[in-house]
Amino acid sequence: RIGSATSVSSTVINNRLQELVRLFKERTEKVKEKLTDPDITSDEESPTASLPTAPVPPQGEQPEGEKVAEEEHYCEMLCCTFKYRPWLDRLRNYQFPSSIDPLTNLMYVLWLFFVVMAWNWNCWLIPVRWAFPYQTPANIHCWLFIDYLCDLIYLLDILVFQTRLQFVQGGDIISDKKAMKENYLRSQRFKMDMVCLLPLDFFYFRVGVNPLLRFPRCLKYMAFFEFNNRLEAILTKAYIYRVIRTTAYLLYSLHVNSCLYYWASAYEGLGSTTWVYDGEGNSYIRCYYWAVKTLITIGGLPDPKTLFEIVFQLLNYFTGVFAFSVMIGQMRDVVGAATAGQTYYRSCMDSTIKYMNFYKIPKTVQNRVKTWYEYTWHSQGMLDESELLVQLPDKMRLDIAIDVNYSIVSKVALFQGCDRQMIFDMLKRLRSVVYLPNDYVCKKGEIGREMYIIQAGHVQVLGGPDGKTVLVTLKPGSVFGEISLLAAGGGNRRTANVIAHGFANLFILDKKDLNEILVHYPESQKLLKKKAKKMLKSNNKPKDVKGVPGDSLIIPPKPDTPKLFQAALAAAGRTGGKGPLAQLRWRLRELKAIQA
């Protein structure tokens with residue numbers, strides 16, 4: 001009877017048997033895959049090794065390592081204990097490197113900054129102290145202190161840094177101490193460094209403290225140009241520094257000219273003529289103003305009177321025209337190099353607009369093309385990334401591709417377990433494409449020959465009867481179309497429309513490129529084909545209809561009663577007999593009720 005203890009037990013047993021059958025089927029499939037492909041790892045967790053645990057110290061005591069680390073931060077002095085900072089301990093234990101890479105060592109760039117500051121002190125202040133009466137017996141000790149501090153920096157650069165610089169010889173990087181020292185001693189820079197440190201200061205005892213005796217200190221110009229090269233290599237916007245440096249060249253030329261003008265005025269006599277400096281106001285500012293008007297050839301200057309003044313003015317005019325034209329030309333080159341990318345972008349866009357206007361392309365299409373140019377340029381700073389990378393060697397292109405794309409491609413389920421070198425070769429074939437809002441990435445029914453990886457933005461998968469229902473929105477890092485790469489027969493057809501929701505930047509891998517790579521990796525090719533078949537099989541598997549159990553009954557339902565037998569039962573029922581047919585009829589009704 002329905003609801004009896006026997007029927008309830010039968011239902012529980014039936015459910016349990018179905019679960020056991022399902023588990024046995026899953027285990028059988030796993031064993032088959034393990035036998036056909038030994039590379040597949042088992043899903044069972046490996047037993048964890050029982051590691052011996054360290055004894056817990058008693059309460060109030062600390063482990064020995066922590067005690068030592070704590071004691072290292074304390075020092076005892078007299079009867080007191082003082083705690084010093086860890087950075088002071090690191091500074092005390094710091095060891096100067098035995099060799100320095102001049103191309104990548106930032107500490108060396110910082111040291112060059114101090115050397116260049118000392119060089120600028122000599123270049124800017126020696127002419128001022130020679131021409132203007134700013135060096136007096138009252139402040140001579142301050143000038144000498146800074147002078148000898150700069151000499152100390154020069155000396156440390158020679159003894160400590162230049163003798164430890166690595167160099168390349170025959171393609172090898174030489175870092176041997178003796179070889180580095182000999183290479184520096186044979187170089188032209190060592191000779192210039194020796195000349196710039198000539199001890200002409202001993203003549204102070206004979207002629208007095210004359211700043212011109214320190215003029216050889218200005219010959220350390222190689223450090224200045226090396227600092228420029230190293231600094232431009234690490235700056236993201238090096239053109240800004242180039243503009244500042246070119247401006248400094250112009251200011252320095254005006255500075256030297258103002259010093260010469262004051263010297264000429266003092267030689268002729270201050271205020272002796274209308275051409276010389278009259279001695280009123282700030283001497284440096286007034287002379288600098290005269291130098292600006294002379295070098296830039298503004299005019300409005302008083303006419304020279306004496307032969308010395310005429311010759312000096314003529315030399316100033318010639319020098320001013322030459323120096324100013326050189327500065328303007330160099331500034332033009334710096335600004336042109338800084339805006340070269342922007343100029344290329346504008347020329348490409350203008351050529352495209354001219355082409356579209358010639359063929360009378362609709363305005364809607366022209367606006368979309370302009371939008372693509374603007375977004376592509378502002379998002380990645382260039383129109384085509386391949387133009388930048390094509391100049392690099394293959395190894396450097398691979399390093400850049402790994403840093404940019406490997407984290408995304410390694411997450412694709414289709415490529416997991418493949419040869420790592422095959423993944424690296426595939427990274428170099430990826431193309432970056434920008435899609436505008438509502439652009440179709442792929443359409444339903446077309447042959448799929450590409451795989452897409454979303455780098456930035458979102459895309460939407462459309463479906464439904466009208467083909468406009470949003471089925472899913474894919475985010476950055478998602479991958480779609482990967483099965484099309486390995487489908488036989490020239491690719492499989494797309495099953496849905498995919499459009500860009502807003503601006504989207506996608507990486508594309510062509511089927512042709514992947515096939516060229518897989519020729520050299522047969523094992524990975526077999527694994528990819530197997531995974532593709534499995535993914536296609538899972539995608540094409542029909543889903544269970546709602547209301548119908550997905551698992552079949554362990555005891556299948558009995559077939560329907562034959563029609564002739566049903567007629568005999570009906571006849572027995574009409575006669576009201578109680579024979580075997582009537583009992584059989586009652587039994588069949590009970591079985592149907594239990595089954596229902």
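Between which two helices is the place of Lys360? Lys360 lies in the loop between helix H13 (340–358) and helix H14 (363–380). Helices here are DSSP runs of H or I with at least four residues, strands are DSSP runs of E with at least two, and both are numbered from the N terminus. Lys360 has a positive phi of about 55 degrees although it is not a glycine. With a relative accessibility of 73%, Lys360 counts as exposed. The term exposed stands for over 50% relative accessible area, buried for under 20%, and partly exposed for values in between, using a 1.4 Å probe and protein chains only.

The structure is a predicted model, in which local features need pLDDT of at least 70 and side-chain atom pairs count only at pLDDT 80 or more, while totals for chains, interfaces and linings use all residues. Residues are numbered from 1 along each chain as its sequence is written, and side-chain values use heavy atoms, with hydrogens and water left out.

The chain contains 21 helices and 10 strands. Of its 596 residues, 31% count as buried. Contact means heavy atoms within 4.5 Å. Among contacts in the chain between residues at least 6 apart in sequence, 68% join residues at least 24 apart.

The UniProt record, an unreviewed entry, places the feature "transmembrane region" at residues 106–128 and 140–161. UniProt positions are given in the numbering used here, feature names are shortened, and annotations may be inferred rather than shown by experiment. In the model, residues 106–128 are 100% helix and 0% strand, with end C-alpha atoms 33 Å apart. Residues 140–161 are also 100% helix and 0% strand, and the end C-alpha atoms of this span lie 31 Å apart.

Two helix pairs come next. Helix H9 (residues 221–234) packs with helix H10 (residues 238–268) at an angle of about 155 degrees, and their axes are 10 Å apart. The axes are lines fitted to C-alpha atoms, for helices over the stretch in contact, and angles run from 0 to 180 degrees between N-to-C directions. That makes H9 roughly antiparallel to H10. Angles over 145 degrees count as roughly antiparallel, under 35 as roughly parallel, 65 to 115 as roughly perpendicular, and the rest as oblique. On the H9 side, the contact includes Phe224, Phe225 and Asn228, and on the H10 side it includes Tyr241, Arg242 and Arg245. The residues of this contact of H9 with H10 divide into 7 nonpolar, 1 polar and 3 charged. Ala, Val, Leu, Ile, Met, Phe, Trp, Tyr, Cys and Pro count as nonpolar, Asp, Glu, Lys and Arg as charged, and the others, Gly among them, as polar.

The axes of helix H11 (residues 283–295) and helix H12 (residues 307–338) come within 8 Å and cross at roughly 70 degrees. H11 and H12 are therefore roughly perpendicular to each other. Trp290, Thr294 and Leu295 of H11 make the contact with residues of H12 that include Phe312, Tyr317 and Phe324. The residues of the contact of H11 with H12 divide into 6 nonpolar, 5 polar and no charged.

Because 10 of its 14 residues are buried, S7 is largely enclosed by the rest of the structure. Strands pair if DSSP finds at least two bridges between them. S7 pairs in the antiparallel sense with strand S10 (residues 497–510) over 11 bridges, with strand S8 (residues 469–474) over 5 bridges, and with strand S9 (residues 479–480) over 2 bridges. Tyr452 has Ile508 as its bridge partner in S10 and Phe480 as its bridge partner in S9. In S8, Val472 is the bridge partner of Val461, and Leu474 stands opposite Val459. The hairpin of S7 and S8 has 5 residues between the strands, and Gly464 there takes a positive phi near 90 degrees.

Two loop residues remain. Leu430 is in the loop between helix H17 (420–427) and strand S5 (431–435), and it counts as buried at 14% relative accessibility. Not counting residues up to four places away in sequence, Leu430 touches Asn405, Val409, Phe507, Ile508 and Leu509. Leu430 and Asn405 are 25 residues apart in sequence and 8.7 Å apart in space, C-alpha to C-alpha. Asn438 is in the loop between S5 and strand S6 (440–442). Asn438 is exposed, with a relative accessible area of 57%, and its phi is near 70 degrees, a positive value in a residue other than glycine.
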